[in-house]
Amino acid sequence: MAGDPGAVEATLKSRIGAILRSTSGNFLEMFDFFLFGFYATYIARAFFPAGNETTELLLTFGTFWLGALMRPLGAIVLGAYIDRIGRRKGLIITLAIMASGTVLIAFCPSYDTIGVAAPLIVLAGRLLQGFSAGVEIGGVSIYLFEIATPGRRGFYTSFQSASQQVAIMFAALIGYGLNAFLTKQQIGDFGWRIPFLIGCLIVPFIFFIRRSLQETQEFAKRTRHPTTREILTTVAANWRIVLLGMMLTTMTTVTFYMITVYTPTFGRNVLKLTETDSLIVTLFVAITNFIWLPVGGALSDAIGRKPVLLTISTLSLLTTYPALHWLVADPTFGKMLAVELWFSFFFGVYNGAMVVSLSEVVPAHVRASGFSLAYSLATALFGTATPMVSTFLIEKTGDRAAPSYWLMAAAACGIVATLALFRGRPGLGRVPAHA
């Protein structure tokens with residue numbers, strides 16, 4: 001019965017379970033991605049020794065970015081697979097590929113031990129992770145979109161990114177513990193590998209819980225599933241939506257990599273704050289991201305996607321440089337925390353509305369492929385390039401606030417994409433009760 005409290009409770013538990021099982025792979029993905037950014041200095045010395053710290057960091061962040069360039073290929077290949085075979089089977093495959101990349105990086109010997117083979121193995125691990133990540137986020141987002149209750153799709157899909165924030169909290173706490181018990185030399189020699197090894201240990205558990213994932217009713221009800229050729233043809237025919245979706249996503253992915261992956265390096269190498277300071281800031285950023293994401297999703301359910309997306313993009317465009325300029329003029333822990341939390345507000349609220357918006361504009365029968373391609377292009381070309389571009393901009397301009405130019409460009413993309421996508425779509429973002 002609809003009014004039976006027991007049935008309501010069982011349904012709620014079932015949906016919570018589905019959210020946890022589907023987002024578990026997101027946890028592993030962001031756990032590894034964040035670790036690569038946080039321990040970039042040590043990874044650079046172990047695998048890319050060049051004798052110059054800036055050059056070593058550029059090589060490391062370049063490898064990080066090259067792995068991300070595999071995302072669009074993963075989005076096309078694995079996205080078509082998910083649209084054809086199903087959400088559940090596809091998400092299990094992506095987890096297996098992601099885990100393989102994690103193992104390669106965790107156990108790869110250093111450059112001093114095996115020479116040039118070391119950076120090649122690390123690159124192979126990043127390529128596997130990038131290929132898998134190309135559809136992991138899209139697959140999970142679409143899964144949550146399709147199991148959401150009417151009128152709450154923004155709230156439900158926000159937990160795709162929320163799961164990533166839990167991973168960052170976990171990684172930051174491990175890093176804090178390592179700093180407390182190991183010296184800087186010990187972390188550089190072997191300590192930085194410990195979090196990656198922990199990631200390997202949790203893989204079997206994630207496999208176990210994801211195997212019990214159920215297929216979405218929306219996908220199961222379809223009497224016919226398109227072929228791979230039909231999926232790719234439809235995605236190509238909707239190139240304008242994919243392009244605008246990429247621009248819409250650029251704002252969120254650049255902001256995200258700025259405040260998570262790049263923050264530890266920025267705080268330590270640019271602002272000359274302590275490693276502990278950077279870890280604490282990152283931990284608080286992850287916590288506030290986790291809070292703001294469902295707020296943004298729920299707000300977009302209530303007032304529509306467009307007002308949320310435009311407001312946050314405009315705030316980012318207008319305030320990013322003043323905020324960073326204020327920070328670098330006299331860097332302190334308190335200033336860095338304040339600026340990063342301000343950017344966290346941008347990311348959380350914007351992304352909460354963005355993921356569901358992209359899910360709604362992509363044709364239903366190619367939803368996983370179209371979403372994943374747009375998202376992966378933004379991440380590959382702009383988001384994961386953020387640490388490398390930021391390092392380059394500071395080096396070339398001498399302005400420690402120069403990363404703000406990159407974030408402002410991303411905000412401009414968000415404004416343009418929102419205006420273009422929502423033109424002629426006045427009802428987009430408010431799901432009617434019968435949907």
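Biologist: How many aromatic pairs does a search of the whole structure find?
Modeller: It finds 18 aromatic pairs. Keep in mind that this is a predicted model.

Biologist: Take F155 and Y156. How far apart are the ring centres, and at what angle are the planes?
Modeller: The centres of F155 and Y156 are 6.4 Å apart. The planes are at 80°, so the pair is edge-to-face. The cut-off for that class is over 60 degrees.

Biologist: Is Y156 buried or exposed?
Modeller: Y156 is buried, at 9% relative accessibility. F155 has a relative accessible area of 23% and is partly exposed. Buried means under 20%.

Biologist: And W342 with F345, what kind of pair is that?
Modeller: Stacked, because the planes of W342 and F345 are at 15°. Their ring centres are 5.7 Å apart.

Biologist: Where do W342 and F345 sit relative to each other in the helix?
Modeller: Both are in helix α17, three residues apart. That separates W342 and F345 by about one helical turn. W342 is partly exposed, with 32% relative accessibility.

Biologist: Which residues do ring pairs link into a cluster?
Modeller: W292, W342, F343, F345 and F346.

Biologist: Switching to helices. How do α17 and α18 pack?
Modeller: Helix α17 covers residues 333-361 and helix α18 covers residues 367-383. Their axes are 9 Å apart, at an angle of about 135°. That angle makes α17 oblique to α18.

Biologist: Which residues make that contact?
Modeller: From α17, N351, M354, V355, L358 and S359. From α18, R367, F371, A374 and Y375. By class, the contact of α17 with α18 has six nonpolar residues, two polar and one charged.

Biologist: Now α7 and α8. What are the angle and the axis distance there?
Modeller: About 150°, with the axes 8 Å apart. Helix α7 spans residues 117-147, and helix α8 spans residues 153-181.

Biologist: Why call α7 and α8 roughly antiparallel?
Modeller: Because their angle is about 150°, and angles over 145 degrees count as roughly antiparallel. The crossing of α7 past α8 is right-handed.

Biologist: Which residues of α7 and α8 meet?
Modeller: On the α7 side, I137, V140, S141, L144, F145 and I147. On the α8 side, R153, Y156, T157, F159, Q160 and Q164. The contact of α7 with α8 divides into seven nonpolar residues, four polar and one charged.

Definitions and conventions. Residues are numbered from 1 along each chain as its sequence is written. This is a predicted model: local features need pLDDT of at least 70, side-chain atom pairs count only at pLDDT 80 or more; totals for chains, interfaces and linings use all residues. Side-chain values use heavy atoms; hydrogens and water are left out. Axes are lines fitted to C-alpha atoms, for helices over the stretch in contact, and angles run from 0 to 180 degrees between N-to-C directions. Helices (H or I, at least four residues) and strands (E, at least two) are DSSP runs, numbered from the N terminus. Angles under 35 degrees count as roughly parallel, over 145 as roughly antiparallel, 65 to 115 as roughly perpendicular and the rest as oblique. Contact means heavy atoms within 4.5 Å. Ala, Val, Leu, Ile, Met, Phe, Trp, Tyr, Cys and Pro count as nonpolar, Asp, Glu, Lys and Arg as charged, and the others, Gly among them, as polar. A crossing is left-handed if the near helix is turned anticlockwise from the far one by less than a right angle, and right-handed if clockwise. Rings of Phe, Tyr and Trp (its six-membered ring) pair if their centres lie within 6.5 Å; planes under 30 degrees apart count as stacked, over 60 as edge-to-face and the rest as tilted. Buried means under 20% relative accessible area, exposed over 50%, partly exposed in between (1.4 Å probe, protein chains only).
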